[in-house]
Amino acid sequence: MSSTSAGLVTGLTAAALATVGYLGYQASANIPAELSAAGGRSAAASKAPRDRSNPTALPGNSGTGERVVYSLDDDRVWLVGPDNRVMRTFRVTPSTVDPAPATYYVTSRSGAVTGSDGIPVEHVVRFTSVGHVPIGFSAAKNGLTPPPDPKARTGGIRQSRADGNEMWKFATIGQKVVVIR
């Protein structure tokens, strides 16, 4: 009798797994376009097109209107005006914790604080967090932009003081920040 019970349980388990698999397939086949990977926020995860003859040119598919564009792969920022013209572009030193490619908005700013790495920073512009790590742009008061300690979980994307001044003027609370690959 015990072998019959084991066979029955195995058969029911297989039937349940097949049903769940089928229902999962049906659900994924009926996702509205605006929620699917092709039509949703995760579409930004693919590499945005670049102008190979001008590597500092604003990447295609980086949004429209006034915004900050941050490329994770290029370690570069573009400050883009409402007319889609680049007002300024510059290199940055990335943090050890990257935000996911998506559209964010500036949520907080600080004139001067001590960074999570212990370095005094100014013009901090935060736009998201990953876990408990706040992510944002900042400039070290000493003007240096060394790479962060790879063992530390930091979210400070470092820029020069001159670039930090421009970011501070441009990226006020609510400003759009588009993170791309």
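The questions below go from the whole chain to a few strands, a pocket and one glycine.

Me: How many helices and strands does the chain have, and in which pattern do they follow along the sequence?
Reply: The model is a predicted one. In it the chain has two helices and nine strands. Read along the sequence, these elements give the pattern α-β-β-β-β-β-β-β-β-α-β.

Me: What share of the residues in the chain is buried?
Reply: A residue counts as buried when its relative accessible area is under 20%. The chain has 181 residues, and the buried share of them is 32%.

Me: What part of the accessible surface belongs to carbon and sulfur atoms?
Reply: The accessible surface of the chain is about 10300 Å². Of this area, the part that belongs to carbon and sulfur atoms is 58%.

Me: Why is strand S1 described as largely enclosed by the rest of the structure?
Reply: S1 covers residues 67–71. Arg67, Val69 and Ser71 point one way from the strand, while Val68 and Tyr70 point the other way, and all are buried. S1 is largely enclosed because the buried residues number five of the five.

Me: Which strand runs antiparallel to S1, and which runs parallel to S1?
Reply: Five bridges join S1 to S2, residues 76–80, and these two run antiparallel. Within this pair, Val68 has Leu79 as its bridge partner, and Arg67 has Val80. Four bridges join S1 to S9, residues 176–180, where Ser71 stands opposite Ile180.

Me: Which residue takes a positive phi in the hairpin of S2 and S3?
Reply: S2 is joined to S3, residues 86–91, by five bridges, and the two run antiparallel. One of the facing pairs is Val77 with Phe90. Five residues lie between the strands of this hairpin, and the one with a positive phi, near 65°, is Asn84.

Me: What is the volume of the largest pocket, and which residues are the closest to its centre?
Reply: The volume of the largest pocket is about 410 Å³. Its lining has 27 residues, and the closest to the centre are Gly115, Ser116, Gly155, Gly156 and Arg158.

Me: Which strand gives the most to the lining of the largest pocket?
Reply: The elements that give two or more residues to this lining are S5, S6, S7 and S8. By class, the lining has 13 nonpolar, nine polar and five charged residues. With six residues, the strand that gives the most is S7.

Me: Is Gly111 buried, partly exposed or exposed?
Reply: Gly111 lies in strand S5, residues 108–114. Its relative accessible area is 38%. Buried means under 20% and exposed means over 50%. Gly111 falls between these limits, so it is partly exposed.

Me: How far apart in space are Gly111 and Trp168?
Reply: Leaving aside neighbours within four places in sequence, Gly111 is in contact with Val121, Glu122, His123 and Trp168. Gly111 and Trp168 are 57 residues apart in sequence. From C-alpha to C-alpha, their separation in space is 8.7 Å.

Technical notes
Residues are numbered from 1 along each chain as its sequence is written. This is a predicted model: local features need pLDDT of at least 70, side-chain atom pairs count only at pLDDT 80 or more; totals for chains, interfaces and linings use all residues. Side-chain values use heavy atoms; hydrogens and water are left out. Buried means under 20% relative accessible area, exposed over 50%, partly exposed in between (1.4 Å probe, protein chains only). Contact means heavy atoms within 4.5 Å. Accessible areas come from the Shrake-Rupley method with a 1.4 Å probe; for residues, only the protein chains shown count as cover. Two strands pair if DSSP finds at least two bridges between them. On a 1 Å grid over the protein atoms alone, a cavity is a set of points where a 1.4 Å probe fits but cannot get out, and a pocket is an open set with protein on both sides within 12 Å along at least five of seven lines; lining residues have an atom within 4 Å of a point. Grid points are joined across faces, edges and corners, and a volume is the space filled by probe spheres set on the points. Ala, Val, Leu, Ile, Met, Phe, Trp, Tyr, Cys and Pro count as nonpolar, Asp, Glu, Lys and Arg as charged, and the others, Gly among them, as polar.
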